[in-house]
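Q: I have a structure to look through before the meeting. Could you take me through a few parts of it?

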Amino acid sequence: MGLLDGLLGNASETDAQDMQLELQQLLSPGEQVRNAYAVLRDLMVFTTKRLIMIDKQGVTGKKREYLSLPYRSIERFSMETTGHFDLDAELKIWVRGQTEPISKTFRGDKNVYDVYRALSEFAI
């Protein structure tokens, strides 16, 4: 895990306390960061109330889009693991009111299981 995994597209767990401080302006009173995963430059942050997906944009990654998904709006989710020739794993999340799922691609399926488990814990 770590920087090299993040650059290769593998999800790497990020320190929840660091994310708590970084997202302090966005979090509601009493909301706590429980798990956070970096996928390339993007982040998936699981709080006590919602999933926050952070899309870092631009060359420096300073510009960011924050997508907030309350757990109650997540209708279903799926995981596709790697195969012999397909080295990418994929996580799909269907949100109430949208026909197309939100998709995240992982290089290898080493940590997609951790992200899927966290999603299972908070969304079910």
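This is a predicted model: local features need pLDDT of at least 70, side-chain atom pairs count only at pLDDT 80 or more; totals for chains, interfaces and linings use all residues.

Q: Let us start with α3. How many residues does it have, and how far does it reach?
A: Helix α3 covers residues 112-123, which is 12 residues. From its first C-alpha to its last it reaches 16 Å, close to the 16 Å expected at 1.5 Å a residue.

Q: Which residues of α3 are buried?
A: Val112, Val115, Ala118, Leu119, Phe122 and Ala123 are buried in α3. Seen down the axis of α3, these buried residues fall within an arc of 125°, so they line one face of the helix.

Q: And what is on the other side of α3?
A: Arg117 and Glu121 are on that other side of α3, and both are exposed.

Q: What do the buried residues of α3 pack against?
A: Their partners are the strands β2 (33-39), β3 (42-47), β4 (50-57), β6 (74-80), β7 (88-95) and β8 (102-107).

Q: Moving to the open sheet of 3 strands, what is the strand order?
A: The order is β6-β7-β8, and the pairing is antiparallel. The edge strands are β6 and β8, each of which pairs on one side only. From one strand to the next, the twist averages 15°.

Q: Over how many bridges do β7 and β8 pair?
A: β7 and β8 pair over 6 bridges, in the antiparallel sense. Ile93 stands opposite Ile102 in β8.

Q: Where does α3 pack, and what angle does its direction make with that of β6?
A: α3 packs on the sheet and touches β6, β7 and β8. The direction of α3 makes about 160° with that of β6.

Q: Now a change of topic: Asn35. Is this residue buried or exposed?
A: Asn35, which lies in strand β2, counts as buried because its relative accessibility is 16%, and the cut-off for buried is under 20%.

Q: What is Asn35 in contact with, leaving aside neighbours within four places in sequence?
A: Asn35 is in contact with Glu13, Met44, Val45, Phe46 and Phe122. One of these, Phe122, is also among the buried residues of α3.

Q: Last one, Ile52. Why does it count as buried?
A: Ile52 lies in strand β4 and counts as buried because its relative accessibility is 2%.

Q: What does Ile52 touch, not counting residues up to four places away in sequence?
A: Ile52 touches Leu23, Leu27, Leu43, Met44, Val45, Thr47, Tyr66, Leu67 and Ser68. Ile52 and Leu23 are 29 residues apart along the chain, and their C-alpha atoms are separated by 9.8 Å.

Conventions:
Residues are numbered from 1 along each chain as its sequence is written. Side-chain values use heavy atoms; hydrogens and water are left out. Helices (H or I, at least four residues) and strands (E, at least two) are DSSP runs, numbered from the N terminus. The expected span of a helix is 1.5 Å times one less than its number of residues. Buried means under 20% relative accessible area, exposed over 50%, partly exposed in between (1.4 Å probe, protein chains only). The arc is that of the directions from the helix axis to the C-beta atoms. Contact means heavy atoms within 4.5 Å. Two strands pair if DSSP finds at least two bridges between them. Axes are lines fitted to C-alpha atoms, for helices over the stretch in contact, and angles run from 0 to 180 degrees between N-to-C directions.
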